[in-house]
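Me: Got a model open here and I'd like to talk it through. Can you help me read it?

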Amino acid sequence: MLRAVFRRKNGAFSGFEISGHAGYGAEGNDIVCAAVSSCTMLVCNAVTENFGANAEVNVKENCITLRLNDNGGEAAEKLLEAFFEHLTAIAEDYSKVKVEID
């Protein structure tokens, strides 16, 4: 199961943790994991490199977290909101993907 947990601070999205494996194919050949991994890296890179937000990104085996420090800026918060909506749409089509807000 692939699990995405989003966090909010003062009503705005402030980070996420994505872990696990979707299980729709062998590791390295799972199109659902590939889709989620690709959009996750896009979001992490956009937040840190393009928006210059003060954020921490940690990558471990089968787990990635992003946390905005202090105020990440409106653009970063909106991108995290859009990412949440995108993963929620994926989860509607693939039952082994779970998205929640903590």
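Me: Which element gives the largest share of the lining of the largest pocket?
Reply: That's α1, with six residues. Keep in mind that this is a predicted model.

Me: And which other elements supply at least two residues each?
Reply: Besides α1, they are β2, β3 and β4. The lining has 20 residues, and Gly-20, Cys-33, Ser-37, Asn-62 and Cys-63 lie nearest the pocket's centre.

Me: How much space lies in there?
Reply: About 390 Å³.

Me: What's the lining like by class?
Reply: Nine residues are nonpolar, eight are polar and three are charged.

Me: OK, switching to the sheet. What order do the strands come in?
Reply: The order is β3-β4-β2-β1-β5, in an open sheet with mixed pairing.

Me: Why is one side of β3 and of β5 left without a neighbour?
Reply: Because β3 (55-60) and β5 (97-101) stand at the edges of the sheet, each has a single partner strand. On average, neighbouring strands are turned by 10° against each other, ignoring direction.

Me: How do β1 and β2 run, parallel or antiparallel?
Reply: Antiparallel, with eight bridges joining β1 (residues 2-9) to β2 (residues 12-20). In one of the pairs, Phe-6 has Phe-16 of β2 as its bridge partner.

Me: Which strands does α1 touch?
Reply: Helix α1 (residues 31-50) packs on the sheet and touches β1, β2, β3, β4 and β5. Its direction makes about 30° with that of β4.

Me: And α2?
Reply: Helix α2 (residues 74-93) also packs on the sheet, touching β1, β2, β4 and β5. The angle between the directions of α2 and β2 is about 40°.

Terms used. Residues are numbered from 1 along each chain as its sequence is written. This is a predicted model: local features need pLDDT of at least 70, side-chain atom pairs count only at pLDDT 80 or more; totals for chains, interfaces and linings use all residues. Side-chain values use heavy atoms; hydrogens and water are left out. Two strands pair if DSSP finds at least two bridges between them. Helices (H or I, at least four residues) and strands (E, at least two) are DSSP runs, numbered from the N terminus. Axes are lines fitted to C-alpha atoms, for helices over the stretch in contact, and angles run from 0 to 180 degrees between N-to-C directions. Contact means heavy atoms within 4.5 Å. On a 1 Å grid over the protein atoms alone, a cavity is a set of points where a 1.4 Å probe fits but cannot get out, and a pocket is an open set with protein on both sides within 12 Å along at least five of seven lines; lining residues have an atom within 4 Å of a point. Grid points are joined across faces, edges and corners, and a volume is the space filled by probe spheres set on the points. Ala, Val, Leu, Ile, Met, Phe, Trp, Tyr, Cys and Pro count as nonpolar, Asp, Glu, Lys and Arg as charged, and the others, Gly among them, as polar.
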